[in-house]
Amino acid sequence: MNPVTLSVFAILFLVIVVLGFASSHWQRGNLHHLEEWGLGGRRFGTWITWFLIGGDLYTAYTFVAVPALVFGAGALGFFALPYTVLVYPLVFAILPRLWRVAREHGFVTVADFVDARYDSPLLALAVAVTGIVATMPYIALQLVGIEVVIAALGFSTHGPWSDAPLMMAFVILAAFTYVSGLRAPASIAVVKDLLVYLAVLALMIVVPWKLGGLAAIFHAVPAQHLLLPAITQHNWGMQSFYLTLALGSALGLMLYPHASTAVLAAKGTDTLRRNWILLPAYSFVLGLIALLGYMAYAAHLPSQPALAPYFQDYGPQFAIPGLLLAYFPPYVVGIGLAAIAIGALVPASIMSIAAANLFTRNIYRSYLHRQCSPQQETRMAKQISLLVKFGALLFILFLPTQFAIQLQLLGGILILQTLPAVVAGIYTRWFDPRALLAAWAGALAWGVWAAAQTGFQKSAYTLHIGSVLIPGYIGFYALILNFLLATSLTVLLRGVRIHHERDRTRSEAYSE
């Protein structure tokens, strides 16, 4: 344990803790109302929204997992780049429209919109439950990022007190989220992103210089790690999987509750449109982060005696901390590890708030306490946010990390199946809610079955069309099935004239 590294880390961590609690006084509002606590009063401007969405989507696990995937699997890990490039044009036309409708009607969650648009509490319940289930392992994976940082700081990963630092981080996260709501991660996101940019810039300058340049790095990486296998006459192989994984991930990204929460907290539609122009800057940084996986491979980090024990415990996930420990002075290591840890607290905080909003609005208020006051509603949301984080902590403490990764894989498949109800509803009321609900259930069942065929170890399923094999992302294939079922069933219900057309939203809310 290096005292300089630990001191720098502790100082930066203390800064964000103070900032988290002080955020309750920023843009002061009545935090006893869910719209203020859970959406920051919808008053975040362009720059705060940029940092918030970026801090929300580019998490500590991104900082750890993308280089780890490139380190272990090679070129496949770069799927994150086209998917983050694709996502912004896709949502440019969708989310400002959703924001207008949500603001006009006072919706706090996407499930609120689905409930009113289709006059279907059951469909809204399905969307809410799917969002909560998909979010839980995502929070757990942020704690995995903190675990890696704690190990890199020199704390023992074995013994009776090995989990104490992780539990302390959890308590701090729970406390400032409870007090400040969404304002806390919004303010901390600024510090987090600046630290990430600083750490990545330092890594991209120093590590290639130490390893002899980028040419030497790519020369050290096996050819099969640099390119995907080519398509053959009878097998599209990794090429089709790469394409569907990138597209499916892009379609699903903004459907996650934490992403939609950050979007609905913006000040207006112009704020969102400016953000879709500015957010690709994160994609550039993500490309640099992915390249660090090749650098870790070229550096032969697992064979270095000082780092070998860490790679035995954490595998490729220790690639970034390993580069920091191998090539930087202690104070820079402290800054880099703080960037990862704070990069876990920001999205974990937003995720717990988003899950709490969904439970409170679409389960508690809709089914358990219809006459609850705004104060009771907000108090319940705060309590649920604590419960969600506590559940994620138990997940990490008592189950193997691989379980969280497997469930997160399943979570991506699940959240994609809410797309037909949400995105179609933003533009048209043509679909029948019963058809959408049946299609959601059918696509989910197939997606879970397909993932189970791999033992929940992989996200690919191979279609057999004649003699041609087309591997693809399970979530994307399930989404196609979802749309086919929803369309067919809606046509059938319209044909027998029992189509459900009730809509509680106002048509003028969908226009500029």
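1. In this predicted model, D119 has a relative accessibility of 21% and therefore counts as partly exposed, the limit for a buried residue being under 20%. Its salt-bridge partner is R502, with the closest N and O atoms 2.8 Å apart. The pair links distant parts of the chain, since D119 sits in the loop between α7 and α8 and R502 in the segment after α24, 383 residues apart. R502, at 52% relative accessibility, counts as exposed.

2. A second salt bridge joins R361 and D112, whose closest N and O atoms are 2.9 Å apart. R361 belongs to helix α19 (residues 330-368) and D112 to helix α7 (residues 110-118), so the bridge ties together parts that are 249 residues apart in sequence. Both R361 and D112 are buried.

3. E377 and R365 also form a salt bridge, at 3.4 Å between the closest N and O atoms. E377 is in helix α20 (residues 374-398) and R365 in helix α19, so this pair connects parts 12 residues apart in sequence. E377 is buried at 5% relative accessibility, whereas R365 is partly exposed at 33%. D112, R361, R365 and E377 are linked in a network of salt bridges.

4. Helices α8 (residues 121-152) and α9 (residues 164-180) pack at about 135°, their axes 10 Å apart; this makes α8 oblique to α9. Their crossing is right-handed. L143, I146, E147 and I150 of α8 meet P165, L166 and A169 of α9, a contact of six nonpolar residues, one charged residue and no polar ones.

5. N482, in helix α24 (residues 474-495), counts as buried at 1% relative accessibility. Beyond its neighbours within four places in sequence, N482 contacts Q417, P420, A439, W440 and A443.

Terms used:
Residues numbered from 1 in each chain as written. Predicted model: local features only at pLDDT ≥ 70, side-chain atom pairs only at ≥ 80, totals over all residues. Heavy atoms only, no water. Helix = DSSP H or I, 4+ residues; strand = E, 2+ residues; numbered from the N terminus. Buried < 20%, exposed > 50% of the residue type's maximum accessible area, 1.4 Å probe, protein only. Contact = heavy atoms within 4.5 Å. Axes fitted to C-alpha atoms, helices over the stretch in contact; angles between N-to-C directions. Parallel < 35°, antiparallel > 145°, perpendicular 65-115°, else oblique. Left-handed = near helix turned anticlockwise from the far one by under 90°. Nonpolar A, V, L, I, M, F, W, Y, C, P; charged D, E, K, R; others polar. Salt bridge = Lys/Arg side-chain N within 4 Å of Asp/Glu carboxyl O.
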